[in-house]
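Have the structure open while you read.

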Amino acid sequence: MNFSSERDLARWFIIISSLLIVGLILWNTSIFFERLKNDERDKMKIWSSAQAFLDKADDNTDIELTLKILNSNTSIPTIWVDENENIIDGLNLTIETRNNPEKLQQYFEDLKQENEPIEMVLGENRVHKIYYGDSPLLTKIKYYPIGLMLIIFLFIGVVYFFYTTTKSSEQNKLWAGMAKETAHQIGTPLSSLIGWTEILKEENVNKDYISEIEKDIERLRTITERFSKIGSAPILSKTEINKATKESYTYIKNRSSDLIEFQIKTPHTPIFVHLNESLYSWTIENLVKNAIDAMRGKGKISIEIKQDLHWVYIYIKDTGKGIPKSKFRQVFEPGYTSKKRGWGLGLSLARRIIEQYHSGRIRVFQSEVNKGTSFQIALRKI
């Protein structure tokens with residue numbers, strides 16, 4: 001089962017749907033912008049025609065309508081030039097621009113880049129040109145898509161963050177509840193087994209048999225303790241990491257196949273960290289069990305401990321099938337598994353134990369397909 005893949009599909013569906021909606025809005029905005037731009041050009045053509053009509057009018061010409069048309073342009077910046085592109089007049093310009101020849105000339109050069117000029121045929125076959133810019137409304141609409149995209153992407157980010165944190169919170173509660181219920185369910189038969197062990201002792205049963213049963217009972221106690229601590233803050237105590245790692249190593253080695261070659265290397269000096277030994281042992285076991293699965297029950301597993309001034313590093317290396325580099329982060333996600341059977345919780349629990357409970361770090365240190373993988377655990381020294 002791979003819940004991670006299903007979750008990724010849902011994420012991509014939301015993202016792609018949002019992008020399609022943004023694209024549709026921007027497309028409609030572009031159409032609206034072009035229509036408004038064409039309307040403004042039509043208005044400027046009418047305005048220039050009115051100006052040409054006024055230039056040709058005599059004392060008997062009715063110019064009332066012409067003046068209304070000319071006075072209707074109150075927002076579109078306009079510069080009127082002659083045949084030699086000498087500025088004759090300007091309309092809807094700032095006072096500072098109109099009164100400063102250099103700024104007026106620079107503004108005129110800018111207007112040339114915005115729209116094609118409109119030719120205006122005056123009396124005596126004089127051809128002047130009207131250069132015009134975008135109105136304030138059109139300028140605002142020009143930048144509207146940028147603002148819209150920023151808002152939409154911010155919205156997508158908020159939705160994505162809310163979605164991931166909500167799912168993560170739900171999964172954490174579910175796993176914590178399942179773990180505590182498992183611990184509770186194991187507790188009842190465990191108590192019964194302890195009672196039966198005492199009875200077997202009284203019946204003078206072979207002590208070797210009873211010893212093995214007691215080892216399994218102690219193991220069940222450890223498992224129960226581990227599950228009961230999921231979802232609650234564990235107690236950390238000053239612990240010598242070399243000793244704790246060797247104990248986990250010895251336990252796993254004694255219960256693994258002879259086809260697995262184990263090796264451990266630790267510093268000669270003690271290293272102390274704040275640790276919950278039960279949960280730390282669980283992490284080591286999960287990593288080693290994954291390594292054994294990756295090697296299909298045959299290969300070499302080595303554990304090595306190194307340190308620097310502030311941190312101690314535990315390396316678990318195998319000779320298994322390896323992990324592609326693109327999956328380095330994904331292997332720690334809940335539900336991710338490369339096995340046909342499995343829930344994909346081992347590495348997720350390992351990360352939770354190391355990073356959330358011990359404020360440490362865990363990562364895929366090195367991996368090469370068909371050659372092996374090395375995991376690194378980092379814990380702060382005390």
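The points below go from the whole chain to single elements.

1. First, the ground rules. This is a predicted model, where local features need pLDDT of at least 70 and side-chain atom pairs count only at pLDDT 80 or more, while totals for chains, interfaces and linings use all residues. Residues are numbered from 1 along each chain as its sequence is written, and side-chain values use heavy atoms, with hydrogens and water left out.

2. The overall picture: the chain has 9 helices and 11 strands (DSSP runs numbered from the N terminus, H or I of at least four residues for helices, E of at least two for strands). Of its 382 residues, 37% count as buried (under 20% relative accessible area; exposed is over 50%, partly exposed in between, with a 1.4 Å probe and protein chains only).

3. Now the open sheet. Its 5 strands run in the order β6-β8-β9-β11-β10, with mixed pairing (two strands pair if DSSP finds at least two bridges between them). At the edges sit β6 (260-265) and β10 (361-368), each pairing on one side only. On average, neighbouring strands of this sheet are turned by 15° against each other, direction ignored.

4. Within that sheet, β9 (residues 311-318) and β11 (residues 372-380) are antiparallel partners over 7 bridges.

5. Helix α7 (residues 241-254) touches β6, β8 (299-307), β9 and β11, and its direction makes about 170° with that of β6. Helix α8 (residues 277-294) touches β6, β8, β9, β10 and β11, and makes about 30° with β9 in direction. Touching here means contact, heavy atoms within 4.5 Å; the axes are lines fitted to C-alpha atoms, for helices over the stretch in contact, and angles run from 0 to 180 degrees between N-to-C directions.

6. Have a look at the hairpin too. β3 pairs with β4 (residues 127-132) in the antiparallel sense over 4 bridges, and Val127 in β4 is the bridge partner of Val121. There are 5 residues between the strands, and Glu124 takes a positive phi near 60°. Which residues of β3 (residues 118-121) are on its covered face? Ile118 and Met120 are, whereas Glu119 and Val121 make up the uncovered one.

7. Last, helix α1 (residues 3-56), which holds Ile16. Ile16 counts as partly exposed because its relative accessibility is 45%.
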